[in-house]
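Me: I want to go through this model and ask what stands behind each label. Please set the values against the cut-offs.

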Amino acid sequence: MPTGISWGGTKVDDAYWQFFCDLLGEGNMKRFKEECMEDYLDFFRRFEVLKRSGPSEALETIYIRIPLALSDILDDRVPEAISLSKYKDAVSFDKKTLKLKMNFKLFENFFTETCKQIRSHLLRLWDENDLANVKTALLVGGFSECHIIQNMIKELMKEKQIHLILPAEPALAVLKGAVYMGHVPESD
């Protein structure tokens, strides 16, 4: 049964948005969102892919393409905006490819608060509810495709000595199960 917490992928999206507000200016980002909605949505779609199936190791470098429309809003002064931000030593920008380069640790910071809240919530559930005797957990849903989330959950399950099952396509697991049950209702 869902427990109603709102610490999923949208909170990571909020951290991503805040990062770019801090990096390029909140006014510029709001203008980008208001005036270039198609590019803005594409920008977040690309992040969604990166968030779900992106880096899995701390050694990886992350590249984020800055949309041309956003570069235009900044009058091609993206490097200047970066140099004035608190991230000036953590990111770099290639003007030719319009790609922002950051290390894994900075990318992982987008997930820090979400991981902390999910972990805390799961620990509360095990302590306060009838879940103290749970021996197996199933990790499903789109957000469970994220390596950062998977690693945090795997570590927690190991601590609690709970067997974790991670299906090959966790985003489709519930849908596939529902379709199967719809076609073969007598299978329990």
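This is a predicted model: local features need pLDDT of at least 70, side-chain atom pairs count only at pLDDT 80 or more; totals for chains, interfaces and linings use all residues.

Me: What makes up the chain, and in which pattern?

Reply: The chain has 9 helices and 5 strands. Along the sequence the pattern is α-α-α-β-α-α-β-β-α-α-β-α-β-α. Helices (H or I, at least four residues) and strands (E, at least two) are DSSP runs, numbered from the N terminus. The C-alpha trace spans about 60 × 40 × 30 Å along its principal axes.

Me: What share of the chain counts as buried?

Reply: Of the 188 residues, 36% count as buried. Buried means under 20% relative accessible area, exposed over 50%, and partly exposed in between (1.4 Å probe, protein chains only).

Me: What share of the contacts with a separation of 6 or more comes from residues 24 or more positions apart?

Reply: Such residues account for 73% of those contacts. Contact means heavy atoms within 4.5 Å.

Me: Why are helix 1 and helix 3 called oblique?

Reply: Two packed helices are described by the angle between their axes and the distance between the axes. Helix 1 (residues 9–24) and helix 3 (residues 37–53) pack at about 120°, with axes 11 Å apart. Axes are lines fitted to C-alpha atoms, for helices over the stretch in contact, and angles run from 0 to 180 degrees between N-to-C directions. Angles under 35 degrees count as roughly parallel, over 145 as roughly antiparallel, 65 to 115 as roughly perpendicular and the rest as oblique. Helix 1 and helix 3 are therefore oblique to each other.

Me: Which residues of helix 1 and helix 3 meet, and how do they divide by class?

Reply: Helix 1 brings Gly9, Val12, Asp13, Tyr16, Trp17 and Phe20. They meet Tyr40, Phe43, Phe44, Phe47, Glu48 and Lys51 in helix 3. By class, this contact has 8 nonpolar, 1 polar and 3 charged residues. Ala, Val, Leu, Ile, Met, Phe, Trp, Tyr, Cys and Pro count as nonpolar, Asp, Glu, Lys and Arg as charged, and the others, Gly among them, as polar.

Me: What makes the label for helix 2 and helix 3 parallel or perpendicular?

Reply: The axes of helix 2 (residues 26–35) and helix 3 cross at roughly 110° and come within 5 Å. That makes helix 2 roughly perpendicular to helix 3. Met29, Phe32, Lys33 and Glu35 of helix 2 make the contact with Met37, Asp39, Tyr40 and Phe43 of helix 3. These residues divide into 5 nonpolar, no polar and 3 charged.

Me: How do you know whether Trp126 is buried or exposed?

Reply: Its relative accessibility is 9%, so Trp126 counts as buried. Trp126 lies in helix 7 (residues 112–128). Leaving out residues up to four places away in sequence, Trp126 touches Leu131, Ala132, Val134, Leu156, Met157, Lys160 and Ile162.

Me: Why is Gln150 called buried?

Reply: Gln150 has 10% relative accessibility, so it counts as buried. Gln150 is in helix 8 (residues 147–160). A polar atom of the Gln150 side chain lies 2.9 Å from the backbone oxygen of Ser144.

Me: Why do Asp75 and Asp76 get their accessibility labels?

Reply: Asp75 has a relative accessible area of 51%, so it is exposed. Asp76 has 44%, so it is partly exposed.

Me: Why is Glu169 called partly exposed?

Reply: Glu169 has a relative accessible area of 40%, so that label applies. Glu169 sits in the loop between strand 5 (163–165) and helix 9 (170–183).

Definitions and conventions: Residues are numbered from 1 along each chain as its sequence is written. Side-chain values use heavy atoms; hydrogens and water are left out. A polar contact is a pair of N or O atoms within 3.5 Å; within protein, one must be able to donate a hydrogen and the other to accept it, and residues adjacent in sequence count only if both atoms are side-chain atoms.
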